[in-house]
Amino acid sequence: MTLGKIRRHPRTCPLLLAIFLLILSVQLVNAASEYDPYKTLGVSRSASQAEVKRAYKNLAKEWHPDKNKDPKAEDMFIKVSKSYEILSNEERRSNFDRYGQMEENQPLGQSQHQGFRGFHNSFYFDESFFHFPRSRDFADSKYLLHHAQFNSDVLPDSHKRPYLIKVTSEWCFACIHIEPVWKETVLELEPLGVGIGIVDLGYERRLAHQLGAHHAPSIIGLVNGRVTFFHQAVVREHLRQFIEDLLPQKLVEKITDDNYLSYLDSWQAENKPSVLLFDQVPIVPLLYKLTAFAFRDYVRFGFVDQGETHNTRLLRQFNINTYAPTMLLFKEDTEKPVDIIQAKGMKRQIMVEFVSNNKFLQVPRLVNQQLFDELCPVKQFHRRRKYCVLLITGEDQAFLPGNKAFLDFASVNRKDVLRFAYVYQRQQQPLCQALLHNQAAVSPQVVILERRSHAGKVMYRSVSGGWNGSEEDKYRLHEQLELLQKDPTYLSSDATLPELNNEMAPIFIIQWMNAAYDYIVQIYDDLLYSNWREMMPILSLIFSALFILFGTVIIQAFSEPGENKPRKPKPKEQPQTEEDASSRASTSSRPPKKDFVEVTELTDITYISNLVKLRPGHINVVLVLTNASKNALLRKFAKEVFSFSGTQTLHFSFLNADKHRHWMPSLLRSTSDAMQSEGHSDEDEESPDYAGHVLALNGHKKYFCLFRPVFTGDDPNDSSSETSSDSRRKSRSRSRSSSHSRSRSHSREDGAVPKRGSSRATSIEVHHKLDRLGLWMERLMEGTLPRLQVPAWPSLSETTNSFTES
């Protein structure tokens, strides 16, 4: 019996082993197929993305470890997060529906059951066969980076603070080994201002390829958009030193008794405030370096070691307490700091707030467009107006007293709505020419301006008398600033400013040398660490350039010189004038080009569609002109309304008063209120010159707004222009005193209407009739113009009593 049992044993062992392996494989397959993201989120397979997102939010709130104290909450939260990652991505969701749960690095169409590779491969199972849930700590989820987020947020932010990025993946045992060191480093560097990021090599292959990371784990430093790999042992001290080495070398200047005066006196050349940090440590703290890196474009930073013996005079002059770190901030006054902070535990938030509140000098010099945008922002709301008081001066020693007086005035008159700045006329000639009407300023000039759009449009007013720094100049400037705060329309002139020259930009050879240095350093690192995958594009580019260069030289050396055949010059095209464009725009129904405004003529054919049956909410802006003034007025009209031509509810037309001379008197007679408010008698209506009048007509609601031409220019050939201008100003003053409501509505747009019996209008007068039209259009868009109601629109026919019903 015993012998028989021994003989049967070899026959039963393979059978038992096969049964055991079959049961084990079935259990593993069942375990792999148990996970279902649809069941985890509680949605059907036909659920939309909105339903998936809603279910994920509800479950994430329920199972978040900070809110749910259940021991299984963390695992459930990870499971819910992974389910949402699969179902929120259409490609992953499609792969799961077809093949079951897959990793991104598994080839498309490979089944989960292909993980079993047979007995000849040592009974090997692929990692994806088991499909365990992700074991990453839930706290790391806030550091996960995605491709779009990296390019929109992290990459621009790397110009303000460095980033430390870890590239990891699932089933990376080396990543698990460095995880404790990584957590300690994050806890130390993140409060100092270092950005932290984690890239999953499996889920974010596109981002990993952009960073040049092809294996895990990898640690990357990102500063100023430049990627640098960490190649040392993963130790907390090495990672900290790696971040310090990424920062520029001359962020913080070492200050002693010998150089502190020159450091503080360089505020004018650098156009920046200066910060001094006093501390007992011999090296510059990393927190201070990171703050200096974030504000390097605005503030200069210096460090003083209190332990050194040759800094006693500096400590004694500013009365520094040696028991706690101290920060002093200096502006134009180098003997007295404008702000001081002192604390034993100097935190990043305290430093950032301290520097942010003092980013600019009291009167900074406009050296680039970015500084101009921050000092004088574009007006957003009526209650957030910012006025920029700009001194246009020079660099010579003769201008120093006036500049110093302007600084003293700005220090005394600091207000929230005022920004004081100065500009050198020689350095910013395009800006000064736009404000001074192409006239070189013999003496310094003060201009008060308000920015209206990012395209450069400003409203401004020059302070009369120039600026010499006298008490009379200060009183005059103070008086005009008081008037401006009471009446924002005090700024009467408008202009479009060009972009400022960047005075601090390095010259081309310096930029080229910096770029060449970066490429050389990158090539050296790639050669040193054998990163041939990244080197191939650069080597290919170099060899291609050399091949093209030598190929061109060889071809030129062996080619025969041919005769140069003279080419027949092409006939020059006639330049297109604005008159031709305006005339074509007025007669063509096709959409106009970008540089012109489509202006149609009101005729018997277009009158009904463009006015009487105009769609509700639409307004037709009509220019009244004559045959003699047609070309000049159309050019000026197109220029003034060009910035409003993008509005869909505005249409632009013109009416020829010589063809329809009875239309304007009929319109004005139909509005008795308009006749009383405008103060015109019946005699004025018989022979007025309506050329230059502009009407905003609302055909649906039967009302219009009226613009009357104002002559603002002076004719050098007409000696009576000054007298006529004085009489017009007097008449406007009398009309304002007689009617307060009319003063609010038409004080800036309305003017005297020239009579037909007067002297013939010159070309300068016709050109200046529409000078105030831009301001009138702004008030039209704001809805602050008075509206004159009409019972019906008059017809264009000669019969003055005929009206057209809408």
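Buried means under 20% relative accessible area, exposed means over 50%, and partly exposed lies in between, with a 1.4 Å probe and protein chains only. The areas come from the Shrake-Rupley method, and for residues only the protein chains shown count as cover. The model is predicted: local features need pLDDT of at least 70, side-chain atom pairs count only at pLDDT 80 or more, and totals for chains, interfaces and linings use all residues. Residues are numbered from 1 along each chain as its sequence is written, and side-chain values use heavy atoms, with hydrogens and water left out.

**Stop 1: a charged patch**

Select K53, K57, K61 and K67, which form a positive surface patch. A patch is made of residues with over 30% relative accessible area and no salt bridge, like charges being joined within 9 Å and nonpolar side chains (Val, Leu, Ile, Met, Phe, Trp, Tyr) within 5 Å. A salt bridge is a side-chain nitrogen of Lys or Arg within 4 Å of a carboxyl oxygen of Asp or Glu. Lys and Arg count as positive, Asp and Glu as negative, while His and the chain ends are not counted. Each charge is placed at NZ of Lys, CZ of Arg, CG of Asp or CD of Glu.

Helices (H or I, at least four residues) and strands (E, at least two) are DSSP runs numbered from the N terminus. K57 counts as partly exposed because its relative accessibility is 47%.

**Stop 2: the disulfides**

A disulfide is a pair of cysteine sulfur atoms within 2.5 Å, and by this rule there are 2 disulfides. Select C172 and C175, whose bonded sulfur atoms are 2.2 Å apart. The torsion about their S-S bond is about 75°, so this disulfide is right-handed. C172 is buried at 9% relative accessibility, and C175 is buried at 4%.

Next, select C376 and C388, a disulfide with its sulfur atoms 2.4 Å apart. This pair links distant parts of the chain, 12 residues apart: C376 is in the loop between helix 16 (369–375) and strand 10 (387–393), and C388 is in strand 10. Both C376 and C388 are buried. With the bonded cysteines numbered in sequence order, the pairing is 1-2, 3-4.

**Stop 3: two further cysteines**

Select C432, which is buried at 2% relative accessibility, and then C705, buried at 4%.

**Stop 4: a loop proline**

Finally, select P282, in the loop between strand 6 (274–279) and helix 13 (286–294). P282 counts as exposed because its relative accessibility is 56%.

Conventions. Areas by Shrake-Rupley, 256 points an atom, 1.4 Å probe, with all protein chains shown as cover.
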